[in-house]
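The notes follow in the order I checked them.

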Amino acid sequence: MAYSTQELYDEAVTKRLAELTREQIALLGEDPEREGLLKTPERAAKAMQFMCKGYSEDADAILRSALFHEDYSEMVLVKDIEFYSLCEHHMLPFYGRAHVAYIPNGQIVGLSKIPRVIDVFARRLQVQERLTWQILNTLQTVLEPQGAAVILEARHMCMMMRGAQKQASVTTTSAFSGQFEKSTTRNEFLRLVSSNLHS
């Protein structure tokens with residue numbers, strides 16, 4: 001029995017992206033008719049649609065789908081959330097971990113929705129700085145918490161594979177609102193992010 005998977009993609013978009021990828025392969029000096037490259041244009045077209053599917057997703061709606069009234073008013077932290085994105089300057093990957101916290105103000109959100117919000121924005125052509133702010137802004141707008149905090153730590157292939165070629169470099173960005181603008185709350189957040197309480 002032949003191996004097959006079922007994935008849904010826009011046929012017209014897939015066809016056009018595949019044509020463009022085939023042309024790129026030829027322009028780079030390769031033979032797009034070579035056995036190993038025959039199916040590459042279609043695979044690449046589908047991969048790009050998957051990696052950029054955040055354009056068709058609504059981060060606000062994801063959060064609103066799992067809001068619950070709760071009197072809890074201490075920090076909620078979800079850390080070490082893996083994310084993968086594409087740098088809009090070179091269309092090369094950058095990837096890393098996100099640490100996200102908020103202080104509820106009468107309502108909490110289902111914990112799985114926070115990683116999903118990160119994916120919505122990460123699966124677009126991005127810069128790390130904007131990605132950090134978009135995550136924070138969505139939490140602040142939808143949850144209306146006492147405050148929110150986001151830290152992203154990422155490795156950028158555009159710095160590692162080309163350009164500076166610095167393989168060990170890590171870029172860190174942060175954004176804070178509300179109570180997290182106070183040093184005591186922000187320091188507690190930073191301490192929890194760097195701790196190994198789950199070990």
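I took a disulfide to be a pair of cysteine sulfur atoms within 2.5 Å. The model is a predicted one, and in it I found zero disulfides.

I then looked at C52, which is in no disulfide; the nearest cysteine sulfur belongs to C87 and is 12 Å away. C52 is buried, at a relative accessible area of 16%. C158 is in no disulfide either, and for C158 the nearest cysteine sulfur is again that of C87, here 4.1 Å away.

Next I went to the cores. Which residues touch the most other members of the largest nonpolar core? They are F83, V100, I114, I118, L131 and I135, out of 31 residues in that core. At least two residues of this core come from each of α3 (59-64), β2 (76-87), β3 (93-103), α4 (113-122), α5 (128-143) and β6 (147-156).

I listed the contacts of F83, leaving aside neighbours within four places in sequence: among them are F94, Y95, R97, I118, A122, L131 and L152. I also noted a second, separate core of nine residues, including A101, A149, L192 and V193.

Last, I checked α4. How many of its ten residues are buried? I counted seven, so I have it down as mostly covered. The buried ones are K113, I114, V117, I118, V120, F121 and A122. They pack against α3, β2, β3, β4 (107-109), β5 (125-126) and α5.

Conventions
Residues numbered from 1 in each chain as written. Predicted model: local features only at pLDDT ≥ 70, side-chain atom pairs only at ≥ 80, totals over all residues. Heavy atoms only, no water. Buried < 20%, exposed > 50% of the residue type's maximum accessible area, 1.4 Å probe, protein only. Core = buried A, V, L, I, M, F, W, Y, C linked by side-chain atoms within 4.5 Å. Helix = DSSP H or I, 4+ residues; strand = E, 2+ residues; numbered from the N terminus. Contact = heavy atoms within 4.5 Å.
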